[in-house]
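Take a look at the model below. The text after it walks from the overall fold to single residues.

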Amino acid sequence: MNDEILLIDKPAGMTSFGVVARVRRVLSEQAGMVTVKGKDGVSRQRRKKVKVGHTGTLDPFATGLLIILTGSATKQANEFLKLDKEYIATVRLGAVSTTGDPEGEITEQNVCEKPNKVTVEKCVENFVGENWQTVPAFSAVKIGGQRAYKLARAGKAVEMPRRKVKIYEIEILRYEWPELEIRCKVSSGTYIRTLGEDIGRALGVGAYLTALMRTEVGKYRVEDAVGLEEYLTDK
């Protein structure tokens, strides 16, 4: 139960913190109760505290591999954060979103000419290698001690940092206007939402992500993960 590396297949519609909270609650219940003496000198029963954390946020709309660490394994979190990752993303061309995903305000673009497959393939190929990305305003990055997404939701305009990232591979799995499905292997710190937006911008049609699944973190694969509800039920 303690000091574990858990591979969870995160469902859509839940935050990474929400997954951690549910796992922590179940493990705390299993850990049992301890007697704690309060400042008033009165002894009370409370559940044992269990350390639980994740190794890299997945957006609420995203699914796939979320690595959960428990107990002393939480000390390894930084090691996991540095690992390369693989994703499968569905990019909706011809429209933009204020958040780069389905949760934002969607605006259809006036597309005069739909790009053909050859044009899309050449465009995508240009993103392989080192790229500069602007961190999305709706992200968990801290700006002045506050999460960027909280500032964005409050309507506060902030200058987001730029990062150099590396995209090792991009494979087009399917292209049927207006949907483009890609598999990409990237360095730590790469935002796939930003990649999708950048592809749309390069094609001159705009774009945002409608689906995102993380399939790999380092040597760990989503095929080896267990669904959250299945994990909780087994516990």
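How many helices and strands are there in the protein? There are six helices and 16 strands. Helices (H or I, at least four residues) and strands (E, at least two) are DSSP runs, numbered from the N terminus.

A word on the ground rules. This is a predicted model, in which local features need pLDDT of at least 70 and side-chain atom pairs count only at pLDDT 80 or more, while totals for chains, interfaces and linings use all residues. Residues are numbered from 1 along each chain as its sequence is written, and side-chain values use heavy atoms, with hydrogens and water left out.

Start with the overall dimensions. The C-alpha trace spans about 75 × 40 × 30 Å along its principal axes. The accessible surface is about 12,700 Å², computed by the Shrake-Rupley method with a 1.4 Å probe; for residues, only the protein chains shown count as cover. Carbon and sulfur atoms own 47% of that surface. Of the 235 residues, 43% are buried. Buried means under 20% relative accessible area, exposed over 50%, and partly exposed in between (1.4 Å probe, protein chains only).

Next, the contacts, meaning heavy atoms within 4.5 Å. Take those with a separation of 6 or more: residues 24 or more positions apart account for 69% of them.

Now go inside. A nonpolar core is a set of buried Ala, Val, Leu, Ile, Met, Phe, Trp, Tyr and Cys residues joined through side-chain atoms within 4.5 Å. The largest one has 42 residues. Val 23, Ile 68, Leu 180 and Ile 199 have the most contacts inside this core. Helix α1 (residues 16-31) gives the most to the core, with six residues. A second, separate core has eleven residues, including Leu 7, Tyr 220, Val 222 and Ala 225.

Pro 178 sits in the loop between β12 (162-176) and β13 (179-186). The peptide bond from Trp 177 to Pro 178 is cis, with omega near 5°. In general, most peptide bonds are trans.

Which residues does Gly 200 contact, leaving aside neighbours within four places in sequence? They are Leu 93, Val 205, Gly 206 and Ala 207. Gly 200 lies in helix α5 (residues 192-203). Its relative accessible area is 0%, so Gly 200 is buried. The C-alpha atoms of Gly 200 and Val 96 are separated by 8.6 Å, yet 104 residues apart along the chain.

Leu 83 belongs to the loop between α2 (77-81) and β6 (85-93). With a relative accessible area of 26%, Leu 83 is partly exposed. Beyond four places in sequence, Leu 83 touches Ser 188, Val 217 and Gly 218. Leu 83 and Gly 189 are 106 residues apart in sequence and 9.4 Å apart in space, C-alpha to C-alpha.

Finish with the cysteines. The structure holds zero disulfides, a disulfide being a pair of cysteine sulfur atoms within 2.5 Å. For Cys 112, the nearest cysteine sulfur is that of Cys 123, 18 Å away. Cys 112 counts as exposed, at 77% relative accessibility. Cys 184 counts as buried, at 0% relative accessibility.
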